[in-house]
Amino acid sequence: MTILIQQPDHHLGDEVEAKTAPINERELVLDGGFPIPQTNSFGHMFRAYHDAESERHEGVENFYRKNHTYQTLDFVKKMREEYAKLNKVEMGIWECCELLNEVVDESDPDLDEPQIEHLLQTAEAIRRDYPDEDWLHLTGLIHDLGKVLNLPSFGGLPQWAVVGDTFPVGCRFDESVVHHKYFKDNPDYNNPLYNTKYGIYSEKGGLNNVMMSWGHDDYMYLVAKGNNTTLPSAALFIIRYHSFYALHREGAYKHLMNDEDVENLKWLHIFNKYDLYSKSKIRIDVERVKPYYLSLIEKCRNLFSAVLPCKAEVVKSSLES
Ligand SMILES: [Fe+2]
Ligand SMILES: [Fe+2]
């Protein structure tokens, strides 16, 4: 797939304009040419993990203490093996979007809206700037659906195994990973097989061969692959690594990337601005935009040659009840 980095088209369609109009122009700043709000749902700076006054600070720090302690290579291998079976729950994309409203992301210092609004905020913001990239709209809509792992019907995994920033396991934990100090209690931290720069991996061996901490990113990737998606490589890369902030924000772990990863990372950089900065006070009228996304889901077979089964088999879980 050829990656073309386009200049965002800031012309707003009527439907989108109506939803984005409440943003005060004075609240916007430029980040690489992308207009973004300065504050999150709580009126704080985005990703303020070290802001002692952040209302969610303590809960988020507690979350990462568990996450960094328990996410080992062995744990990830077991979870991937179990969830790759895709043999538990079947449902359609929109049904899953609505189901996601029951999930609260304790790791996120920015988001306090229903999850479906975040999905639609992300997809709508992308649609505004990249109107012809249907695959990217759909990617925005489905990128967080893996958070259903937190629900009982999908195994009821604890938050530390579902959400939060992700990172490679099986090699040294880079210091740019948020709350790095908590890795010292991870059994892999002192394992000489896993605590070197490359660990069990090789230079430019490709992220596809790297085990990432387990969560909604890798799960949704497995779901898409297991359903024989033909979404482009860049879409799968976005789904799989959108929480890998150490890579796409800090530039760490690039020594593990191959040429395809380098190309796909360009799209992830674009996507991430929409994923992060759409978590603002911009409200989405779900019922108003629903028809477009239902039509996109229905069209997906034609658009992407059977990208994702539209009525069923889109999301399956594997844990035995
Ligand atoms: Fe996510
Ligand atoms: Fe997201």
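**Where Asp275 sits**

Which helix holds the place of Asp275? It's H10, residues 259-277; helices here are DSSP runs of H or I with at least four residues, numbered from the N terminus. Keep in mind that this is a predicted model, where local features need pLDDT of at least 70, side-chain atom pairs count only at pLDDT 80 or more, and totals for chains, interfaces and linings use all residues. Residues are numbered from 1 along each chain as its sequence is written, while chains are lettered from A and ligands numbered from 1 in the order in which they are written.

Asp275 counts as buried because it has 23 C-beta neighbours inside 10 Å. (Buried takes 20 or more other C-beta atoms within 10 Å of a residue's own, exposed 12 or fewer, partly exposed anything in between, with C-beta atoms placed from the backbone.) Setting aside neighbours within four places in sequence, Asp275 is in contact with Thr122, His143 and His242, contact being C-beta atoms, placed from the backbone, within 7 Å.

**The annotated site**

An unreviewed UniProt entry puts the feature "binding site" at His118, His143, Asp144, His216, His242 and Asp275. Such annotations may be inferred rather than shown by experiment.

Asp144 is in the loop between H6 (134-142) and H7. Asp144 is buried too, because 25 other C-beta atoms lie within 10 Å. Beyond four places in sequence, Asp144 touches Leu100, Gln115, His118, Leu119 and His216.

**H7 and its cover**

H7 is mostly covered, with nine of its 11 residues buried. Those are His216, Asp217, Asp218, Tyr219, Met220, Tyr221, Leu222, Val223 and Ala224. The cover includes H3 (73-83), H6 and H8. After H7 comes Asn228, with a positive phi near 55°.

The axes of H7 (216-226) and H8 (233-241) come within 6 Å and cross at roughly 145°; these axes are lines fitted to C-alpha atoms over the stretch in contact, with angles from 0 to 180 degrees between N-to-C directions. On the H7 side you'll find Asp217, Asp218, Met220, Tyr221 and Ala224, meeting Leu236, Ile239, Arg240 and Tyr241 of H8. That contact splits into six nonpolar, no polar and three charged residues (nonpolar is Ala, Val, Leu, Ile, Met, Phe, Trp, Tyr, Cys and Pro; charged is Asp, Glu, Lys and Arg; the others, Gly among them, are polar).

**The core**

The largest nonpolar core runs to 78 residues, a core being buried Ala, Val, Leu, Ile, Met, Phe, Trp, Tyr and Cys joined through C-beta atoms within 7 Å. Cys96, Cys97, Leu100, Val148, Met220, Ile238 and Ala246 have the most contacts inside it. Leu100 touches Asp144 and Val148, among others.

Terms used:
Two residues are in contact if their C-beta atoms, placed from the backbone, lie within 7 Å. Helices (H or I, at least four residues) and strands (E, at least two) are DSSP runs, numbered from the N terminus.
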